[in-house]
Structure formats: structure tokens, C-alpha cells
Amino acid sequence: MSRNSLGNVCGAVVVSVAVITTSPAAAQAPPPAAPTSQTQIVLLGTGNPVPDPDRSGPATAVVVNGTPYLVDFGAGVVRRAKAAVVDKGIIALEPPNFRVVFVTHLHSDHTIGYADLILTPWTYGRRVPLEVYGPPGIKAMTEHLLEAYRADFEARSSEHAQGLYTVGSFAEGHGVNAHEIGAGVIYKDANVTVTAFPTKHALESYGYRFDTPDRSIVISGDTNPTQATIDACHGCDVLIHEVHTLGWLAKRPDFQAYAARYHTTTAQLAELASQAKPRLLILYHASIALRPAVNPRASSPGELLSEMATRYSGHVVVGRDLDVY
Ligand SMILES: [Zn+2]
Ligand SMILES: [Zn+2]
């Protein structure tokens, strides 16, 4: 669907640069420097529903030949993107550059940045509608969000009509075309072919495989281990997969039945990755905290890596916000 109207920027836009904790995980090598390849993966959010100031909500950018694509838009996504510009020099992630985005499922931790993604880039320059691909329900979510912000669109239009502002006024810039997808190839352009595969979660959900000129990347979203994930990777360059530790789960008996159906333990992921054989496995959406004060029951990155390393011999890293691979 598309929804357009004139609008305008409301005064100066102040963009915060997120503060990132850099305490290293035990036994984890520092992330490699930004590759010189055509394709870069930028982890914009590696957290989960926990309001963790060190880990934004799930959001992964794939940048190909200077064009950004995004999978999921958790809390903090736009500010993390700007942090990637300022702190990592990845200018492709200037927020108005986001045009094509994907969502794995409609849980709030993966979508709570949606309004931010629609409105903030528009207020400082996006001139074309956002193209959003996701499970059934994404159209309704989009329509409701646009309706929720109708007063903003109308106010900025009015301000523009009064000649108060001259930027951010492009009619199409806060429009959204929402595409409801199923399994298979769902998007293709000169940079990428994106294939959706079904995952197993508490509501309809998909993982995505990106094939670019130089890399193959699979992003799991939230899921129980599935054969479809193994098949989507089958020797891919990078598999980005959710995980929680056995240590954390032991402290959360209230969550065990749910986790057994809809999430993935380190032991399960080790088995999955042994079959999928990615060249690099990146852990995200993990039951960890970088600082114990954030969540005392969470595992440390070192504990997570240790649980994996004793079960899996491949190359594995704990993803952190603003890591570039
Ligand atoms: Zn989630
Ligand atoms: Zn979920």
C-alpha cells in the first residue's frame, strides 16, 4: 500500500550517536576490520526484547555496492545506523538511504523501530517511499502506523504550505509500499537476490538469504532449529543466527517450554551449524548482557562463546552492535 502527502521537517534534527560498550568477550577475537569486498554486513542491533542500552533491538544491514538493505527494525535502528556513519565511516547507512527493508516476523522487538524508520529519514531527506517486505500482517501494521502519525504528516504539510520549511517536504518520502511475502525469491535487483525461507517461531516468520555478487548471507530471525535454515545456508559465507545459552535457560524455568518450541539453544545451534557449514557463524539475539547490571541472569559473551566452542569447531563470533563483517 502507499500513502503519500506533503510534509516538512520540524526544526533542526538532532541525531544522537549511540554509546557502545567495548568490553571484550573472553576468548573472542576482535571483529575483523571492515572488509574491502563489495558486500558488508553491519550489525545495527544484536539484542532482544530486554531494554539493553548496549544492544539495540534486532536490525542487520547488508550493504552492497553502497546500497543498504535492512533486515528487521528493532529499537534504536535509526540511531545505530547514524552511529555506523559517524563511528565506522559507512556512509551508505545515512538513514535516508534506506529504501528496501525486510522483516522476519511481527514481534515487537523486531518492529518497534518501524515508525522511526518511516518518519526520521523522511524528515531529513528521503524522497521515495520505503519498500517493506514481510509476513502477512505487515500491510495492516503499516496502515495503522501511518494513520497513527497522520497528525504529524498533516502538521508538516501545513508548515510547508506556510513556507516555514524547505526540506523534508517530498510528498512520497513518508509513503510505504508494504509487500506481504511467502517462501521463495521475494526480491531481486542488480545487487542482491533475496530468498525467504520459513522458520519456526511463535507467529508466521521467515529467515532471509542474501546472494550478492561476492557473498551469501543467511539471517535466521527468531526460530527453533529448522531444516530450512540448514538448506538455505548449505555452505554459505555467513550465517547470522539467534541463540540462547543453556546457562541462562537453567535460570529461567518460566521460559523453558516456550524456548523449546520457538528458540534455539547453543547445543541446538552447534548441531545445526555443523550441518549448515557456514564459513562464519555470527550469534545474535542472544541471552547475554555485556554488563551484568543490565540483566543479572543473562550470560556473559564469554559464557556464550564457551558453550558454542565446546560443541562446534567452526568459526563463530558473538555479534555486537556496530560490528562490521
Ligand atoms: Zn525477537
Ligand atoms: Zn520473536
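Predicted model: local features only at pLDDT ≥ 70, side-chain atom pairs only at ≥ 80, totals over all residues.
Six strands make it up, it's open, and the order reads S1-S2-S3-S4-S5-S6, with mixed pairing. Which strands stand at the edges? Those are S1, 39–45, and S6, 176–180; each has a single partner strand, so one side of each is left without a neighbour in the sheet. If you ignore direction, neighbouring strands in this sheet are turned by 20° against each other on average. And then helix H1, residues 77–88, lies across S1 and S2, running at about 135° to S1.

Let's go over to the other end of that strand order. Helix H4 covers residues 138–148, and its buried residues are Ile138, Thr142 and Leu146. Why do these end up on the same side of H4? Because the arc they cover around the axis is only 65°. What covers them includes strand S5, 130–134, and S6. Turn to the face pointing away from that buried side, and you find the exposed residues His144, Glu147 and Ala148.

H3 is another story to look at. This helix runs over residues 114–123, and eight of its 10 residues are buried, so the helix is largely enclosed by the rest of the structure. If you want to click through them, the buried ones are Tyr114, Leu117, Ile118, Leu119, Thr120, Pro121, Trp122 and Thr123. Just after H3 you come to glycine 125, which has a positive phi of about 140°.

Strand S7, residues 184–188, and strand S8, residues 193–198, run antiparallel and are joined by four bridges. Glycine 184 is the one that stands opposite alanine 196 in S8. How many residues does the hairpin from S7 to S8 go through? Four. S8 also pairs with strand S9, residues 206–211, again in the antiparallel sense, and here there are six bridges. In that pairing, threonine 195 stands opposite arginine 209 in S9.

Now have a look at valine 192, which sits in the loop between S7 and S8. Buried or exposed? Valine 192 is buried, because it has 23 other C-beta atoms within 10 Å, and the cut-off for buried is 20 or more. Leaving out residues up to four places away in sequence, valine 192 touches Val64, Tyr69, Phe210, Asp211 and Thr212.

Last bit, the chain overall. There are 325 residues, of which 47% count as buried, and the chain has 10 helices and 13 strands. As for the contacts, take those between residues at least 6 apart in sequence: 71% of them join residues at least 24 apart. That's what I have, thanks.

Key: Residues numbered from 1 in each chain as written. Chains lettered and ligands numbered in written order. Pairing = 2+ DSSP bridges. Helix = DSSP H or I, 4+ residues; strand = E, 2+ residues; numbered from the N terminus. Axes fitted to C-alpha atoms, helices over the stretch in contact; angles between N-to-C directions. Contact = placed C-beta atoms within 7 Å. Buried ≥ 20, exposed ≤ 12 C-beta atoms within 10 Å, placed from the backbone. Arc of directions from axis to C-beta.
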